[in-house]
Amino acid sequence: MLLTDILRPRGVKVPLEGDGKREIIAELVALLAQNGDLEEQQEALGAVLHREDTRTTAIGNGLAIPHAKTSAATETVMAIGVARAPVDFDSVDGLGVTVVVLLVSPPEKSAAHIQVLARISRILGADALLEKIAACRSAEDVFETIRRYERTVASVRDREHPTRDAEELSKSL
């Protein structure tokens, strides 16, 4: 599975307009709703914010992956945003977040949700890729940067360690 199998170019926003964690999450949820990817925007927003209030989804290095399972989604959907400047997301490393990946899945798709979270972490955890995405000036550039990376570097890594990241992530959830 590739991130670009789930992510669509219309699900990418550069730059994000919000300057706070809650505003950015709301902005990305609204983007998914505007694209017709969510049944109920407020329900999805509430689920993601509730998850974020439970434990930060800022995993360090300028990356946050807010996510939730909710019936507002009929399938797993994703949005990515690049902030104009680092945003305080209560990150584990204390650094501001520049790249935000929102993931929303229906409750019955827990296994797929965890697999996609692992994939996001594995792919975007690569410092060089994260820096390239943070430097992108358009949604199309972000999408194409991820697509190119998945087709080259990530495919090699997947063959070497196909399930390791999903297993490690599922232990921490």
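This is a predicted model: local features need pLDDT of at least 70, side-chain atom pairs count only at pLDDT 80 or more; totals for chains, interfaces and linings use all residues.
Residues are numbered from 1 along each chain as its sequence is written, and side-chain values use heavy atoms, with hydrogens and water left out.

Helix α2 comprises 14 residues and spans 20 Å from its first C-alpha to its last, close to the 20 Å expected at 1.5 Å a residue, where the expected span is 1.5 Å times one less than the number of residues. Ten of these 14 residues are buried, so α2 is largely enclosed by the rest of the structure. Here, buried denotes under 20% relative accessible area, exposed over 50%, and partly exposed the range in between (1.4 Å probe, protein chains only). The buried set consists of K21, I24, I25, E27, L28, V29, A30, L31, L32 and A33. Elements covering these residues include β1, α3, β5 and β6, contact being defined as heavy atoms within 4.5 Å.

Two packed helices are described by the angle between their axes and the distance between the axes. For α2 (residues 21-34) and α3 (residues 41-54), the angle is about 145 degrees and the axes lie 10 Å apart. Axes are lines fitted to C-alpha atoms, for helices over the stretch in contact, and angles run from 0 to 180 degrees between N-to-C directions. The crossing of α2 and α3 is right-handed; a crossing is left-handed if the near helix is turned anticlockwise from the far one by less than a right angle, and right-handed if clockwise. On the α2 side, the contact is formed by K21, R22, I25, A26, V29, A30 and A33, and on the α3 side by Q41, A44, L45, V48, L49, E52 and D53. Nine of the contact residues are nonpolar, one is polar and four are charged. In this classification, Ala, Val, Leu, Ile, Met, Phe, Trp, Tyr, Cys and Pro count as nonpolar, Asp, Glu, Lys and Arg as charged, and the others, Gly among them, as polar.

Strand β5 (residues 77-87) has eight of its eleven residues buried and is therefore largely enclosed by the rest of the structure. Strands β1 (residues 12-13) and β5 run parallel and are joined by two bridges; strands are taken to pair if DSSP finds at least two bridges between them. In this pairing, V12 stands opposite I80 of β5. Strand β6 (residues 97-105) runs antiparallel to β5, with seven bridges between them, and L102 of β6 is the bridge partner of A79.

Helix α4 (residues 110-124) contains 15 residues and reaches 21 Å between its first and last C-alpha, close to the 21 Å expected at 1.5 Å a residue. Its buried residues include H113, V116, L117, A118, R119, I120, R122, I123 and L124.

Further backbone features occur in loops. The V14 to P15 peptide bond is cis, with omega near -10 degrees, and P15 is located in the loop between β1 and α2. Although not a glycine, N61 has a positive phi of about 65 degrees; N61 lies in the loop between β2 (58-60) and β3 (63-64) and is partly exposed at 45% relative accessibility. D90, in the loop between β5 and β6, likewise has a positive phi, near 60 degrees, in a residue other than glycine, and D90 is partly exposed with a relative accessible area of 47%.

Methods
Helices (H or I, at least four residues) and strands (E, at least two) are DSSP runs, numbered from the N terminus.
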